[in-house]
Amino acid sequence: VTITTRLLVSHLSGIRHYEKDITKVKEKKEKANRAFKLTKPYQDKEQNEKEGKGIEKTDSVKPKKGHEGDVKSQNSKPGRRDKEFEQEEYYLKEKFESVIESLKIFKNDPLFFKPGSQFLYSTYGFTLLSAVVERVSGQKFTDYMLKMFRDLDMLSTVLDDNEAMIYNRARCYVYNKKGRLVNAPYVDNSYKWAGGGFLSSVGDLLKFGNALLYSYQAGQFKSTNGKLLPGYLKPDTVAMMWTPVPKTEVSWDRDGKYAMAWAVVEKKQQYGCCRQQRHYASHTGGAVGASSVLLILPEELDSEAMGSGLVAPPRGVIVTIICNMQSVSLNSTALKIAREFDKEKWIQ
């Protein structure tokens, strides 16, 4: 078979996630699909009723697992243990000296399906992707990323290295079987730098979101008299990253599809004065003792304002939440916050 970097970045490679048993993965997906089909009509009805009264409701059904951040139902109670985090490989303590070395964890395991035929979120797919970056760049993946973070002015984003002294490093927590808060267990994330091995701050993630939003919108502003600096990425590159890829799915946002390392919801409105779907990109994250989300809601730009040169990118709302608690669902909360700020901006 052939596995391309595009398949890796869209989780279509067939490489396994933490669960090694393909039968269990299929059963879990089928169960989640059945639950979604049963609850969707009632949710749609409730959504329409709420929106008819001018009340916004964005909670979704229980997520289908397959992503590190898909770790809790919107209505789940504190103390409920998530089966995703029962996988032994979440708690590896072995230190790997290189990305290439960490490939030994999964490189001899069979693919779950023919590459390109199905979607399965895979942290190890991103480990392989980081190995590609390492070989192409000719330097260690971690060095490559730290230089990029510096370019982006993300000076608080560092490797989750247990030995290093990191200023303001947060303590992480989990609920035990009795529903009590306890310290998260010790783990070494050197086996998955790309898929969950960095520490950051909300300020740095906002800078990252603004850099992407600026790059996405920079090409749309024509009358800048050459004063507008180029984005970190080309506009077409970000547009490609935020374009849904066929055969993908998103477990933490029922309106979305997976694109290239992002979940994307496209603009859609079927009927007048009814439910309106705005374009936004987001991604959740979850690891042992932590949960996070980054959501980017681009402003629907007015062509006249863009042509006047009175406004410049980035234009929109960016929400990021980092929580030092395992198994917290944050995407719907981030979307509510983004919509409130967007609504307030238009009122002003």
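Analyst: Before we start, a contact, or touch, here means heavy atoms within 4.5 Å. This is a predicted model, where local features need pLDDT of at least 70 and side-chain atom pairs count only at pLDDT 80 or more, while totals for chains, interfaces and linings use all residues. Residues are numbered from 1 along each chain as its sequence is written, and side-chain values use heavy atoms, with hydrogens and water left out.

User: Thanks! Which residues does glutamate 89 touch?

Analyst: Setting aside residues up to four places away in sequence, glutamate 89 touches Arg16, His17, Tyr18, Lys20, Ile105, Tyr124 and Tyr191. Glutamate 89 itself sits in the loop between helix H2 (22-52) and H3. Helices (H or I, at least four residues) and strands (E, at least two) are DSSP runs, numbered from the N terminus.

User: Why is glutamate 89 called buried?

Analyst: Buried means under 20% relative accessible area, exposed means over 50%, and partly exposed is in between (1.4 Å probe, protein chains only). Glutamate 89 has a relative accessible area of 9%, so it is buried.

User: What makes the pairing of glutamate 89 with arginine 16 a polar contact?

Analyst: The side chains of glutamate 89 and arginine 16 come to 2.9 Å. A polar contact is a pair of N or O atoms within 3.5 Å; within protein, one must be able to donate a hydrogen and the other to accept it, and residues adjacent in sequence count only if both atoms are side-chain atoms. The 2.9 Å value is inside that limit, so the pair counts.

User: Which side chain does histidine 11 join through a polar contact?

Analyst: Tyrosine 258, with a polar contact of 3.3 Å between the two side chains. Histidine 11 lies in the loop between H1 and H2, and its relative accessibility of 2% puts it in the buried class. Histidine 11 and serine 122 are 111 residues apart in sequence, yet their C-alpha atoms are 6.1 Å apart in space. The contacts of histidine 11 beyond four places in sequence include Phe119, Ser122, Phe126 and Tyr258.

User: What makes serine 122 a cap for H4?

Analyst: A side-chain oxygen of serine 122 lies 3.4 Å from the backbone nitrogen of tyrosine 124, at the N-terminal end of H4. Helix H4 is then followed by glycine 138, whose phi is positive, near 75°.

User: How do you know that the length of H4 is close to the expected span?

Analyst: The expected span of a helix is 1.5 Å times one less than its number of residues. Helix H4 (residues 123-137) has 15 residues and reaches 21 Å from its first C-alpha to its last, close to the 21 Å expected.

User: What do the buried residues of H4 pack against?

Analyst: They pack against helix H1 (5-9), helix H3 (99-102), helix H5 (141-151) and helix H6 (193-196). Among those buried residues are Tyr124, Phe126, Leu129 and Glu134.

User: Which residues have the most contacts inside the largest nonpolar core?

Analyst: Tyr124, Leu212, Trp242, Trp262 and Ile296, in a core of 39 residues. A nonpolar core is a set of buried Ala, Val, Leu, Ile, Met, Phe, Trp, Tyr and Cys residues joined through side-chain atoms within 4.5 Å. H4 gives the most to this core, with four residues.

User: Why is this core said to lie between domain 1 and domain 2?

Analyst: Domain 1 (1-35 + 81-175 + 188-199) and domain 2 (210-267 + 274-347) both give residues to this core, so it lies between them. The domain bounds come from an automatic or database domain assignment. Leucine 212 touches Leu233, Val238, Met241, Trp242, Trp262 and Ile296, leaving out residues up to four places away in sequence.

User: Why is alanine 261 called partly exposed?

Analyst: Its relative accessible area is 24%, which falls between the buried and exposed cut-offs, so alanine 261 is partly exposed. Alanine 261 lies in the loop between strand S5 (257-258) and strand S6 (263-265), and it has a positive phi of about 70° although it is not a glycine.

User: And what makes the peptide bond from proline 313 to proline 314 cis?

Analyst: Its omega is near 0°. Proline 314 is found in the loop between helix H9 (303-308) and strand S9 (316-323).
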